[in-house]
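This report reads selected local features from a set of coordinates, with the cut-offs stated where each term is used.

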Amino acid sequence: MVTNLIDMKIIDFLNSKKTFNNILEILKQKGLDCKKLPDGFFIAGGSVSNIIISMLHGGEPVINDIDVYIKTTKKDVVVGDSWYPSTYTTEDNMEIMDDSYGRIFVAEGGDRMRVLSHSRDGILNIIEYVYEKVRIKKNDKSEIDVVIEGFDLNCCMSGIDLINEKLVYNKHFVDYLTNKQLKVVNPLAPIQTTIRIYKKIKD
C-alpha cells in the first residue's frame, strides 16, 4: 500500500485516523493481541516505523519484533536519584543518563523514564518501565514522546498511542520520511548503534 505524497502531506498522513487503523491492523496480523496485554501499554520503535515507511515508499515492512512498553505497577520502584555515572545532552536539550541497568531518559521538561526489564513473548518484546512526572518546567510531552526521544536512529522515532488512538512521532522521523536519509540522533552507544545502522541498511 503506497500513499501518493502529491495528494497528501506527510504530516497529514501521520495524523490520519485511517493510517493509525491500518498500522494497528498490520501489527495484529503479525501477532499483536491487545486483549492479552494490560491497559495503558503503547508500541514504539521499528515495527511501527517500518510499517509507515512501507506505506509511504512501498515494499514490505520489516518487522522482526514488536516493542510493547508497559508501565510498572510496582509501588516501591523509582527512576533513581543523582547517582548516575554518566550524563549526555542531545541537540534537542534532552538529558540522558546511564545507570547500572538501563538508560534513564530525562526530558527537557524534567520527566524521567527508565527501563526496568524486558522479556520476549513470541514476536512481542515486552518492556517494563518506570516513569516519573516532574513539573519543573512547562511540559506537555507524553510518556511515549519521552521514550521516542531516547531512540538512537531517526528512522525509528514513532509509535502508536492506543489510548488516544493516534500516531506519535517527532521532527526527526518526519525528516527521515521526507529525505530518506538515515541519521544518528542519540549517539549514546556507538557500537550498538553501528550494528543497528548496518541492519537497517541491509533491511
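The model is predicted, so local features need pLDDT of at least 70 and side-chain atom pairs count only at pLDDT 80 or more, while totals for chains, interfaces and linings use all residues. Residues are numbered from 1 along each chain as its sequence is written, and side-chain values use heavy atoms, with hydrogens and water left out.

Helices (H or I, at least four residues) and strands (E, at least two) are DSSP runs, numbered from the N terminus. Helix H3 takes in residues 46–57, and its 12 residues should span 16 Å at 1.5 Å a residue, which agrees with end C-alpha atoms that are 16 Å apart; the expected span is 1.5 Å times one less than the number of residues. Of these 12 residues, 11 are buried, so H3 is largely enclosed by the rest of the structure. Here buried means under 20% relative accessible area, exposed over 50%, and partly exposed in between, with a 1.4 Å probe and protein chains only. The buried residues include Gly 46, Ile 53 and Leu 56. Just after H3, Gly 58 has a positive phi of about 90 degrees.

Helix H2 (residues 17–30) comes within 10 Å of H3, axis to axis, and the two cross at roughly 120 degrees, where axes are lines fitted to C-alpha atoms over the stretch in contact and angles run from 0 to 180 degrees between N-to-C directions. The two helices are therefore oblique to each other, a class left over once angles under 35 degrees count as roughly parallel, over 145 as roughly antiparallel and 65 to 115 as roughly perpendicular. In H2, Thr 19, Asn 22, Ile 23, Ile 26 and Leu 27 meet Ser 47, Val 48, Ile 51, Ile 52 and Met 55 in H3, with contact meaning heavy atoms within 4.5 Å.

**Cysteines**

The structure holds 0 disulfides, a disulfide being a pair of cysteine sulfur atoms within 2.5 Å. Cys 156 is in no disulfide, and the nearest cysteine sulfur, that of Cys 155, is 3.8 Å away. Cys 156 is buried, with a relative accessible area of 3%, whereas Cys 34 is partly exposed at 24%.
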